[in-house]
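Opened the notebook for this chain today. I wanted to go from single residues out to the whole fold.

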Amino acid sequence: MKALILFGHGARDARWREPFDRLAVLWRAQHPNTRVELAFLELMEPSLEEAISLQVDAGATEVVVVPVFFGQGGHLRNDFPVLLSACQDQFPEIQLSATPAVGEDESVLQAIIEFSARTL
């Protein structure tokens, strides 16, 4: 079974998480046959390890992590590969992969342009 993890930075202010929760709700409504969990680098729960564990406990054999970051900054270049490698070591029975940051995708950038154009 394939599963998805939407991975964000995390923040002290609980309201920062609200768009991530909405994103997960939208995913579940549009893709009800593919499990999704949120995970955060710091300051919020669940951690990446905890989210992967939830997916594995639900029967996932393949987990794709989608970094919901605007760009490939230091956290994604330095911290994230270490976390992902540690999770792969902890869960050797699953296929674990990651996409580039969502903000690197042309369609995401285009959506921002379209959003901005609507404000004019």
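Predicted model: local features only at pLDDT ≥ 70, side-chain atom pairs only at ≥ 80, totals over all residues.

**Entry 1: Gln 55**

I looked up Gln 55 and found it in helix 2, which covers residues 48-57. Is Gln 55 buried or exposed? Its relative accessibility is 0%, so it counts as buried. Next I asked which residues Gln 55 touches, leaving out those up to four places away in sequence. My list has Met 1, Ala 3, Leu 4 and Ile 5, then Arg 35, Val 36 and Glu 37, and finally Ala 60 and Val 63. Arg 35, Val 36 and Glu 37 from that list fall within strand 2 (35-40).

**Entry 2: Asn 33**

I went to Asn 33 for a second look at exposure. It sits in the loop that runs between helix 1 (18-30) and strand 2 (35-40). With a relative accessible area of 72%, Asn 33 is exposed, because the cut-off for that is over 50%. I also checked Asn 33 against Lys 2, which is 31 residues away along the chain. Their C-alpha atoms are 9.3 Å apart.

**Entry 3: aromatic rings**

How many aromatic pairs are there? I got a count of five. Ring pairs join Phe 7, Phe 69 and Phe 80 into a cluster.

**Entry 4: the fold**

I stepped back to the whole chain and counted four helices and four strands. Reading from the N terminus, I wrote down the order β-α-β-α-β-α-β-α. The radius of gyration is 15 Å, close to the 14 Å that the globule rule gives for 120 residues, so the chain is as compact as a globular protein of that length. I also took the span of the C-alpha trace along its principal axes, about 50 × 35 × 30 Å.

For contacts, I kept those with a separation of 6 or more and found that 72% of them join residues 24 or more positions apart.

**Entry 5: surface and charge**

Of the 120 residues, 32% are buried. The accessible surface of the chain is about 7300 Å², and carbon and sulfur atoms hold 57% of that. Last, I looked up the charges: 9 positive and 17 negative.

Notes. Residues numbered from 1 in each chain as written. Heavy atoms only, no water. Helix = DSSP H or I, 4+ residues; strand = E, 2+ residues; numbered from the N terminus. Rg over C-alpha atoms; globule rule 2.2 N^0.38 Å. Buried < 20%, exposed > 50% of the residue type's maximum accessible area, 1.4 Å probe, protein only. Contact = heavy atoms within 4.5 Å. Areas by Shrake-Rupley, 256 points an atom, 1.4 Å probe, with all protein chains shown as cover. Lys, Arg positive; Asp, Glu negative; His and termini not counted. Charge placed at Lys NZ, Arg CZ, Asp CG, Glu CD. Phe/Tyr/Trp six-rings, centres within 6.5 Å; stacked < 30°, edge-to-face > 60°.
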